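Work through the exercises below with the sequence and the 3D view side by side. Try each task before reading its solution.

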Amino acid sequence: MAEIAEGGGGGHGKGGKKRAKKQSTRVDMTPMVDLAFLLLTFFVLTSTFNKPKSMEITFPVPPEKIEDQPPVKNGITVILTKDHRIFYYKGQFNAVGNPDGKEPTQLSETTFSSEGLHKILMENNEYANKEITGLKAKVKSKEMADTTFKRLAMNAKGDKLSLTVLLKTDDKATYKDVIDVVDEMNICMVGKYVIVDMSAPEFGLLTEKTK
Amino acid sequence: MPKIKVPKSAPSIDMTPMVDLAFLLVTFFMLTASFRMAEPVIVDPPSSVSDKLLPENTIMVTVDDIGRPFFGISNAEAKVNALMKMADKYKVSFSPEQIKKFGGLSSFGVDIKDLPRYINATENERLKFQPQKGVPNDSLKNPQLRDWILYSAQEANGVFIRERDKAKELGKDFKGEKPRYAIKADGAAKYISVKDIIKTFTDMKIYRFNLITSLEGGASTPPPAEAKK
């Protein structure tokens with residue numbers, strides 16, 4: 001393979017003057033360098049493009065009895081369905097003709113844009129956002145340690161004044177949509193969210209909307 | 001005209017320092033690079049802002065865009081042991097070579113009955129392997145995926161504890177991680193198929209996962225180019 005070039009001025013040219021003893025000890029390193037850089041480029045490119053990231057998520061332990069679900073006070077239920085459509089309603093679900101005489105729940109539609117879901121989550125999660133922004137400022141001015149910040153931020157997210165999101169999907173929603181919503185919740189500092197199954201009346205409302 | 005003596009300086013410059021550096025870098029990248037085996041399917045995970053790195057020691061279920069589950073473990077020792085337990089339970093026999101080869105395999109999505117044939121196949125044949133319907137995940141009749149997870153979790157935990165104890169005995173720092181459960185699903189997959197996998201996990205009282213995503217704005221894997229059927 002790689003031939004070693006005879007050092008400069010071998011003196012075998014036709015009729016050239018013989019230059020005695022001018023054999024250089026150098027080898028031509030160009031092919032080797034070429035190869036080295038080729039490998040270098042290869043490894044640089046392959047190593048930087050391969051970085052899987054992950055998001056940690058904890059699913060709820062299934063309740064013993066389904067009726068045991070505690071009522072959610074400051075909550076939003078987000079419902080995902082086909083064609084990347086996304087619906088939500090605030091507070092608790094009130095069926096048509098419920099005994100308390102409350103207005104039956106209506107689904108509103110929103111989008112994945114910054115004016116849609118992001119805005120809704122931000123508005124409803126004002127408490128946690130305010131708290132965490134305040135905490136962040138304190139960390140920045142070195143008034144607070146990182147670990148303290150993490151703990152207090154967690155507390156703020158878990159506070160009962162901050163938002164709880166129930167994420168429900170039907171059979172046609174894609175995984176990407178679910179991740180997008182979870183991601184949005186992480187951005188909006190929603191600490192309490194859960195992915196659960198849809199109830200029958202909710203499904204009824206949804207099918208009516210997506211008909 | 002008298003001959004002007006041009007000083008015959010070689011046009012080459014001394015490349016040694018550059019070459020030294022180049023090889024240093026090559027060595028560095030070569031040693032840090034971790035080669036992945038070719039995956040049986042190309043999965044394009046959705047993007048997220050999460051910048052947590054995926055833990056090293058994982059038991060991973062991959063779900064492709066049509067919802068087939070694929071199973072993989074990162075720890076080769078646990079993988080081989082899990083295979084032996086599975087072989088025992090499902091009465092499929094593997095030769096020692098096959099078991100050894102299986103340790104180096106990436107994730108797979110075949111029924112355990114087809115697994116010996118799958119292991120024997122070459123890497124190119126594996127891409128077109130039939131039937132590749134995903135690891136059967138029928139919780140009543142054919143809970144292979146559940147068993148794979150169960151056995152490999154046991155084995156991976158066993159390996160983890162053994163290594164930790166060994167490190168303790170030798171008085172070394174132990175840097176190993178506990179095995180984690182990861183789900184890598186294609187963005188286009190129906191959530192219901194991912195939910196089935198999650199259900200498989202939660203039925204085993206495993207509630208915490210790492211969902212694999214690509215970094216927002218970063219380069220994600222190219223969309224699958226080849227036909228998958």
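Predicted model: local features only at pLDDT ≥ 70, side-chain atom pairs only at ≥ 80, totals over all residues.

**Exercise 1. Describe the make-up of chain A and chain B.**

Step 1. Count the elements. Chain A has six helices and six strands. Chain B has seven helices and six strands.

Step 2. Read the order along the sequence. Chain A runs α-β-β-β-β-α-α-α-β-α-β-α. For chain B the pattern is α-β-β-β-β-α-α-α-α-α-β-α-β.

Step 3. Look at burial. In chain A, 25% of the 211 residues count as buried. In chain B, buried residues make up 32% of 229.

Step 4. Look at sequence separation. Take the contacts in chain A with a separation of 6 or more: residues 24 or more positions apart account for 64% of them. In chain B, among contacts between residues at least 6 apart, 70% join residues at least 24 apart.

**Exercise 2. Find which parts of chain A touch chain B.**

Step 1. Set the size of the contact. On one side are 38 residues of chain A, and on the other are 42 residues of chain B.

Step 2. Name the contributors. Helix H1 (30-48), E1 and H5 of chain A each supply at least two residues to this side.

Step 3. Pick the main one. H1(A) gives the largest share, ten residues.

Step 4. Sort by class. The side of chain A that touches chain B has 21 nonpolar, nine polar and eight charged residues.

**Exercise 3. Trace the strand pairing between the chains. Which strands of chain B does E1(A) join?**

Step 1. Start with strand E1 (residues 53-58) of chain A. Two bridges link E1(A) to strand E2 (residues 52-53) of chain B, and the two run antiparallel.

Step 2. Glu56(A) stands opposite Asn210(B), and Thr58(A) stands opposite Arg208(B).

**Exercise 4. Describe how H2(A) packs on H5(A).**

Step 1. Locate the pair. Helix H2 covers residues 117-124 of chain A, and helix H5 covers residues 175-187 of chain A.

Step 2. Read the geometry. The helices pack at an angle of about 40°, with axes 10 Å apart.

Step 3. Classify the angle. H2(A) and H5(A) are therefore oblique to each other.

Step 4. H2(A) passes H5(A) in a right-handed crossing.

Step 5. List the residues that meet. H2(A) brings Leu117(A), His118(A) and Leu121(A), while H5(A) brings Val181(A), Glu184(A) and Met185(A). By class, this contact has four nonpolar residues, one polar and one charged.

**Exercise 5. Inspect Met189(A) and Lys205(B). Is Met189(A) buried or exposed? How does Lys205(B) count?**

Step 1. Check phi. Met189(A) has a positive phi near 60° and is not a glycine. Lys205(B), also a residue other than glycine, has a positive phi of about 65°.

Step 2. Met189(A) lies in the loop between H5 and strand E6 (192-196) of chain A. Lys205(B) lies in the loop between helix H7 (191-203) and E6 of chain B.

Step 3. Apply the burial cut-offs. Met189(A) has 21 other C-beta atoms within 10 Å, so it is buried. Lys205(B) has 8 C-beta neighbours inside 10 Å, so it counts as exposed.

Conventions
Residues numbered from 1 in each chain as written. Chains lettered and ligands numbered in written order. Axes fitted to C-alpha atoms, helices over the stretch in contact; angles between N-to-C directions. Helix = DSSP H or I, 4+ residues; strand = E, 2+ residues; numbered from the N terminus. Parallel < 35°, antiparallel > 145°, perpendicular 65-115°, else oblique. Left-handed = near helix turned anticlockwise from the far one by under 90°. Contact = placed C-beta atoms within 7 Å. Nonpolar A, V, L, I, M, F, W, Y, C, P; charged D, E, K, R; others polar. Pairing = 2+ DSSP bridges. Buried ≥ 20, exposed ≤ 12 C-beta atoms within 10 Å, placed from the backbone.
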